[in-house]
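Here are my notes for a first look at this structure. Please read them with the model open beside you.

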Amino acid sequence: MKFSGFRVFAEALKGHTGWRPLWRNPDPKPSYDYLIVGGGGHGLATAYYLAKTFGRSRIAVLEKGWLGSGNVGRNTTIIRSNYLLAGNEPFYEFSMKLWEGLEQELNFNAMVSQRGIINLFHTDAQRDAFRRRGNAMMLAGAGARLLGREELRAMVPFLNYDNARFPIKGGLMQARAGTARHDGVAWGYARGADSHGVDLIQNCEVTGFRLDRGKVRGVETSRGYIAADKVGVAVAGSSSRVMAMAGMRLPIESHVLQAFVTEGLKPTIPGVITFGAGHFYISQSDKGGLVFGGDIDGYNSYAQRGNLPVVEDVVEGGMALMPMIGRARLLRMWGGVVDMSMDGSPIIDRTQIEGLYLNGGWCYGGFKATPASGYAFAHLLATGASHETARAYRIERFARGHVVDERGAGAQPNLH
Amino acid sequence: MSDLRPITALGAALPRLASFGALEIRENGGLALASMALRRGTVEPTPFGLALPGPGRWIAGQGVAALWTGLDQWMIEAEGRAELDFAAELKQLAPGCSVTEQTDGWVAFEIVSRAGTGPIDALLSKLVNVDLADFGPGCATRTGLEHMSCFVIRRSEAHIAVLGARSSAGSLWHALETAAKRLEER
Amino acid sequence: MLITHPLLGLRDAQEFTYLGDARLIDRPAPSAPDAEAAFCDYVFLRDNPAGVHRELWYHEHGDRSWLVVTRDTVTHEVLGAELARNVALARTRCSK
């Protein structure tokens, strides 16, 4: 089933009776060549690229709930490639390029909208740091622009430029950044994977790994044992729990990150604005809701809900940055469980168990990485080697001291 | 020689004083402070005849008072002795203890109600996460107040003191003043 | 969340900062032959369970004590708290 404007028009004339489900709902087979644990954005993208780009077959995705029921539907939909470090920037820029062609690639409307992101700065030192980051972005082909105060004011006049503690001096802009419809991304990859023969198996929880002499043989699930040559785990938020079943301890803590959306308002915020100094960032959805968030709660949690002190912290940041937000009414707030790693960067690597691979540690920024993460993980599963943009994400980096620490906060996950 | 004149934590020649309805907030510029910590194996002293209080408590004597600040640690207050070397005096009375001068690290605000305990409780409810059912006279605690770390002391039913970092004295006054004004307008 | 401070009773979690897994008390011996690997695990690896978790909290806006708090990471229920110094001292005594 191919989507097109003509198809929508034709279906309208037929009373929309011709639409079919986007994917099959198969029962698990006894064995596969590749099993992907986790039917979220990263797992579905992995299965898609493994089948489509790397030409592999006999692939299944195992999902405990329904497809896209975890963090891919709980994030604030921001896509960007505005990192500093050499280990990160090429990977996120690779992801950005995949985002730019994603809808054509998948023949699916993921509402990718390059409306730009602006990181605000408030001091000369911060301006210098952002200029350096902008240069790193330009070297990676990501593009960046340093905006002065007046230039910024012309674009976003509603900010409080004269806050006593954090007067706004300007911002670093990446015009190619923006937002995407998070569920649509999961659905698009699911449909694409399914059409290339991947079995998407829902309501199928992995309850254990069957290991034999240091090699993975298959997984125990709530729907029976499934044998596999290679198992890729992409369950960020729950990576520690799943890998513990294979006897591994990870450099990861699970934390809760909250997000908020107001009732729909007329278009007011042109892109994404981040106020790092005040622990606040915001964008506006196409439906009109102001979508915003701030810091993680800061303690280990699997609750998918946070506590009020961080709600207060976020809204204080919002009021300090754009006092008009005080007139908006909050519609929903929720929490997602994220893998906070020890250096704030992800892990895409093989493990000590042959045939078992891990994709996790995405902290609060996994959504933007979805395409590149899936591509790089599929590359690793198919070829046995790290993708050229993901070589810094080996798990051994911690033992070797080659951490990828954008924040410079050390092995303290709640500070990244 | 330069003509040096001392200023208060709020930057004026004289301590600030303001009234909001039944509440009076007074900068206490004369309060001397010194911290005292037991060292391993030392006997708990009774400086100035004070029986040192336990967790969450404050006790007053003649012109001096003590509040518990942590395990084996207390802050000793002395009215009107900010200009003197109070820490040295305390050190004489606390043999073997670690005594540190604290006076100029802090700002102290005395808040007194002229209408009983009600306005004090209302003010505390607005500002700090302290269980007022368990915060009668003789209680003292450190807690967060508008993100600033402060000691709150219940000197009597209608009298509390708030001790905060001297460097954020202006912000602390602003927080107290704003809350008191809102109560007055109510 | 309210943390049951062993000396001060129920205190708002906002008064505390969080360090993490209470196993951080168990610092490896620096002179052991496997010290390098042991320190790598100590610094970077965590158990991260869903359920009961023992963790270190620091009473920063309070009495500046370190607590070992037992808390359920699924419900956020605080199940108990003790002074970290007592926990550490008890272990030192055991190992002697």
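1. Contact here means heavy atoms within 4.5 Å. Leaving aside neighbours within four places in sequence, B:Thr141 is in contact with B:Val130, B:Phe135, B:Cys150, B:Phe151, B:Val152 and C:Arg11. B:Thr141 sits in strand β9 (residues 140–145) of chain B. Helices (H or I, at least four residues) and strands (E, at least two) are DSSP runs, numbered from the N terminus.

2. This is a predicted model: local features need pLDDT of at least 70, side-chain atom pairs count only at pLDDT 80 or more, and totals for chains, interfaces and linings use all residues. Residues are numbered from 1 along each chain as its sequence is written, chains are lettered from A and ligands numbered from 1 in the order in which they are written, and side-chain values use heavy atoms, with hydrogens and water left out.

3. Is B:Thr141 buried or exposed? B:Thr141 is buried, with a relative accessible area of 9%. The cut-offs are under 20% relative accessible area for buried, over 50% for exposed, and partly exposed in between (1.4 Å probe, protein chains only). The side chain of B:Thr141 also reaches that of C:Arg11 in a polar contact of 2.8 Å. A polar contact is a pair of N or O atoms within 3.5 Å; within protein, one must be able to donate a hydrogen and the other to accept it, and residues adjacent in sequence count only if both atoms are side-chain atoms.

4. Now chain C by itself. Its secondary structure comes to two helices and six strands. From the N terminus on, the order is β-β-β-α-β-β-β-α. The C-alpha trace of chain C spans about 45 × 30 × 20 Å along its principal axes. Of the 96 residues in chain C, 47% are buried. Among contacts in chain C between residues at least 6 apart in sequence, 47% join residues at least 24 apart. The accessible surface of chain C is about 4,900 Å², and carbon and sulfur atoms hold 56% of that surface. Accessible areas come from the Shrake-Rupley method with a 1.4 Å probe; for residues, only the protein chains shown count as cover.

5. Next, where chain C meets chain A. The contact involves 24 residues of chain C and 26 residues of chain A. About 2,100 Å² is buried between the two chains, and carbon and sulfur atoms give 50% of that area. In chain C, the residues that lose the most area to chain A are C:Phe44, C:Arg46 and C:Asn48, together 31% of what that side buries. Buried area is the accessible area (1.4 Å probe) that two parts lose on being put together, summed over both.

6. What joins the two sides? The rule finds 13 residue pairs in polar contact across the interface of chain C and chain A (both at pLDDT 80 or more). β3 (17–21), α1 (35–44) and β4 (52–58) of chain C each supply at least two residues of the side that touches chain A. The largest share, four residues, comes from β3(C). By class, that side of chain C has eleven nonpolar, seven polar and six charged residues. Ala, Val, Leu, Ile, Met, Phe, Trp, Tyr, Cys and Pro count as nonpolar, Asp, Glu, Lys and Arg as charged, and the others, Gly among them, as polar.

7. Salt bridges come next. The term means a side-chain nitrogen of Lys or Arg within 4 Å of a carboxyl oxygen of Asp or Glu. The structure holds 39 salt bridges over all chains. Two cross the interface of chain C and chain A. The side chains of A:Arg249 and C:Asp47 meet in a salt bridge at 2.6 Å, N to O.

8. A salt bridge within chain A joins A:Glu93 and A:Lys97 at 2.8 Å, N to O. Both residues lie in helix α3 (residues 89–100) of chain A, four residues apart, about one turn of the helix. A:Glu93 counts as buried at 2% relative accessibility, while A:Lys97 counts as partly exposed at 46%.

9. Check two backbone angles as well. Most residues other than glycine have a negative phi. A:Thr77 has a positive phi, near 65 degrees. A:Thr77 lies in the loop between β2 (59–62) and β3 (78–79) of chain A and counts as buried at 17% relative accessibility. Phi of A:Asn203 is also positive, near 50 degrees. A:Asn203 is in the loop between β8 (199–201) and β9 (206–212) of chain A and counts as exposed at 54% relative accessibility.
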